[in-house]
Amino acid sequence: MTTPGVASSGAAAASFDTMRSARPRAVFVAVAVFAALRERARRFAEVEVVDESDAYGLVAIQGPLSLSVLERLVAEPLGALRSYHAADAVVAGVDAMVARTGYTGEDGFELAVARDEALVVFEALLEAGAGALVPAGVG
């Protein structure tokens with residue numbers, strides 16, 4: 001789910017995505033609003049906000065071929081995964097949280113993997129989609 005982020009001052013800061021998998025956790029992809037999330041979470045004893053940014057890499061594949069290319073690298077089918085839902089999967093031999101997104105206006109997926117494994121997943125996606133994928137960066 002995409003949510004507008006609000007700074008401590010009440011001003012709009014940025015949007016962020018909230019994704020949940022089967023494990024009892026939520027993952028927020030939001031750099032600009034992290035401090036505000038942490039501050040608000042202090043009111044709830046059962047909520048812990050932890051910045052694990054340095055431990056993970058995020059690789060996205062977007063567009064009409066994203067599902068067919070990604071499914072070449074996973075054992076489990078992902079077609080039933082609903083938009084803005086996530087599932088744990090092994091992608092090209094790497095443990096990943098796979099979230100179905102579509103921030104380009106097309107279907108797509110974001111793969112959260114251990115930072116040291118992000119290049120392995122990226123290269124496997126390029127190979128699986130050879131001739132159909134074009135690498136692009138957003139940051």
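Guide: Below, we go through some labels for this predicted model and check them against their cut-offs.

Visitor: Why is T101 called buried?

Guide: The cut-off for buried is under 20% relative accessible area. T101 comes in at 2%, so it counts as buried. T101 belongs to strand β6 (residues 94-101), and its contacts beyond four places in sequence include Y84, E106 and F109.

Visitor: What makes the link between T101 and Q62 a polar contact?

Guide: The N or O atoms have to lie within 3.5 Å, with one able to donate a hydrogen and the other to accept it. The side chains of T101 and Q62 are joined at 3.1 Å, so the distance passes. Q62 sits on the uncovered face of strand β4 (residues 56-62), along with Y56, L58 and A60.

Visitor: How do you know that β4 and β7 pair?

Guide: Pairing takes at least two bridges found by DSSP. β4 and β7 (residues 108-114) have seven, in the antiparallel sense, so they qualify. In that pairing, L58 stands opposite A112. β6 and β7 pass too, because they have six bridges, again antiparallel; there T101 stands opposite G108.

Visitor: What makes β4 and β5 edge strands?

Guide: The open sheet has four strands in the order β4-β7-β6-β5. β4 and β5 (86-91) each have a single partner strand, so one side of each has no neighbour in the sheet. On average, neighbouring strands here are turned by 30° against each other, direction ignored.

Visitor: Why is the contact between R100 and D107 called a salt bridge?

Guide: The rule asks for a side-chain nitrogen of Lys or Arg within 4 Å of a carboxyl oxygen of Asp or Glu. R100 and D107 meet at 2.6 Å, N to O, so the label holds. R100 is buried because its relative accessibility is 11%, while D107 is partly exposed at 28%.

Visitor: How many salt bridges does the structure hold?

Guide: Two. R42 and E39 also meet in one, at 2.7 Å, N to O.

Visitor: Why is R42 called exposed, and E39 partly exposed?

Guide: Exposed means over 50%, and partly exposed runs from there down to the 20% limit for buried. R42 has 59%, so it's exposed; E39 has 43%, so it lands in between.

Visitor: What puts the buried residues of helix α1 on the same side?

Guide: Those residues are F34, A36 and A41, in α1 (residues 34-41). They cover an arc of only 165° around the axis, so they lie on the same side of α1.

Conventions. Residues numbered from 1 in each chain as written. Predicted model: local features only at pLDDT ≥ 70, side-chain atom pairs only at ≥ 80, totals over all residues. Heavy atoms only, no water. Buried < 20%, exposed > 50% of the residue type's maximum accessible area, 1.4 Å probe, protein only. Helix = DSSP H or I, 4+ residues; strand = E, 2+ residues; numbered from the N terminus. Contact = heavy atoms within 4.5 Å. Axes fitted to C-alpha atoms, helices over the stretch in contact; angles between N-to-C directions. Arc of directions from axis to C-beta.
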